[in-house]
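Good morning, and thank you for making time for this presentation. Please keep the sequence and the structure in view while I speak.

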Amino acid sequence: MDARKAVETVLEAGWNRQDFEGIDEAMAESVELHVGRSTRTTSIEEMAAIVARWHERVAGFRFDIHSIVASEGMAAARVVMRGRNPDDDRTVSVEHMFFFRFDNHRIVEVWELLDRPALESQLG
């Protein structure tokens, strides 16, 4: 699977639909995840649990993909997280950037950059 398709698969199937069936074609079994100053190694099963928690926290959660740039071994995606605050039904819209590193055509490392103040102000 090429890098662009792998990123689309992880974001659309995994994050948006919570469908992790067959996602192992796009992601390695173990992925190093960097969010802010935090780094952790996670499995596909653990990633599914993280995604489930976001879907619980943000009603109608989804990532709208605005652009993906991919080259040999790396890809970047600009997305907007959308949904609603379940407490007051206000719209949630937060810019994100993801950077992906590949090994053997599978994602092995992810860096997530997001507008944390916007997220916190919209979710409380």
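His105 is exposed, with a relative accessible area of 55%. The model is a predicted one. In that model, His105 belongs to the loop between E5 and E6. The backbone there deserves a glance: His105 has a positive phi of about 65°, although it is not a glycine.

A second residue may be described in the same terms. Asp89 is found in the loop between E4 and E5, and its phi is positive, about 65°, although Asp89 is not a glycine either. Is Asp89 buried or exposed? Its relative accessible area is 52%, and because the cut-off for exposed is over 50%, Asp89 counts as exposed.

This brings us to the strands on either side of that loop. E4 and E5 form a hairpin with 6 residues between them, and Asp89 sits in the turn. The two strands run antiparallel and are joined by 11 bridges. To follow one of these bridges on the screen, please find Arg82, whose partner in E5 is Ser93.

E4 also pairs with E3. How many bridges join E3 to E4? There are 10, and these strands, too, run antiparallel. Strand E4 covers residues 74-84. E3 and E4 form a hairpin with 2 residues between them, and Gly73 in the turn has a positive phi of about 85°.

Let us stay with E4 for one more residue. Ala76 is found in this strand. Ala76 has a relative accessible area of 18% and is therefore buried, the cut-off being under 20%. Leaving aside residues up to four places away in sequence, Ala76 touches Ser67, Ile68, Val69, Phe98 and Phe99.

I turn now to Thr42, which lies in strand E2. Thr42 is buried, with a relative accessible area of 1%. Its side chain makes a polar contact with the side chain of Glu46, at 3.3 Å. Not counting residues up to four places away in sequence, Thr42 touches Glu29, Ser30, Val31, Leu33, Met47 and Ile50.

Ile50 leads us to the last topic, the largest pocket. Ile50 is one of the lining residues that lie nearest the centre of this pocket, together with Trp15, Val35, Trp54 and Glu112. The pocket has a volume of about 400 Å³, and 25 residues line it.

Which elements supply this lining? At least two residues each come from helices H1 (3-16), H2 (44-57) and H3 (116-123), and likewise from strands E1 (27-35), E2 (38-43), E3 (59-71), E5 (91-103) and E6 (106-114). H2 gives the most, with 5 residues.

To close, I would ask you to return to two places in the model. One is E4, which is joined to E3 by 10 bridges and to E5 by 11. The other is the largest pocket, with Trp15, Val35, Ile50, Trp54 and Glu112 nearest its centre. Thank you for your attention.

Conventions:
Residues numbered from 1 in each chain as written. Predicted model: local features only at pLDDT ≥ 70, side-chain atom pairs only at ≥ 80, totals over all residues. Heavy atoms only, no water. 1 Å grid on protein atoms, 1.4 Å probe; cavity = no way out; pocket = protein on both sides within 12 Å on 5 of 7 lines; lining within 4 Å. Points joined across faces, edges and corners; volume = space filled by probe spheres on them. Helix = DSSP H or I, 4+ residues; strand = E, 2+ residues; numbered from the N terminus. Buried < 20%, exposed > 50% of the residue type's maximum accessible area, 1.4 Å probe, protein only. Polar contact = N/O pair within 3.5 Å; in protein donor to acceptor, adjacent residues only side chain to side chain. Contact = heavy atoms within 4.5 Å. Pairing = 2+ DSSP bridges.
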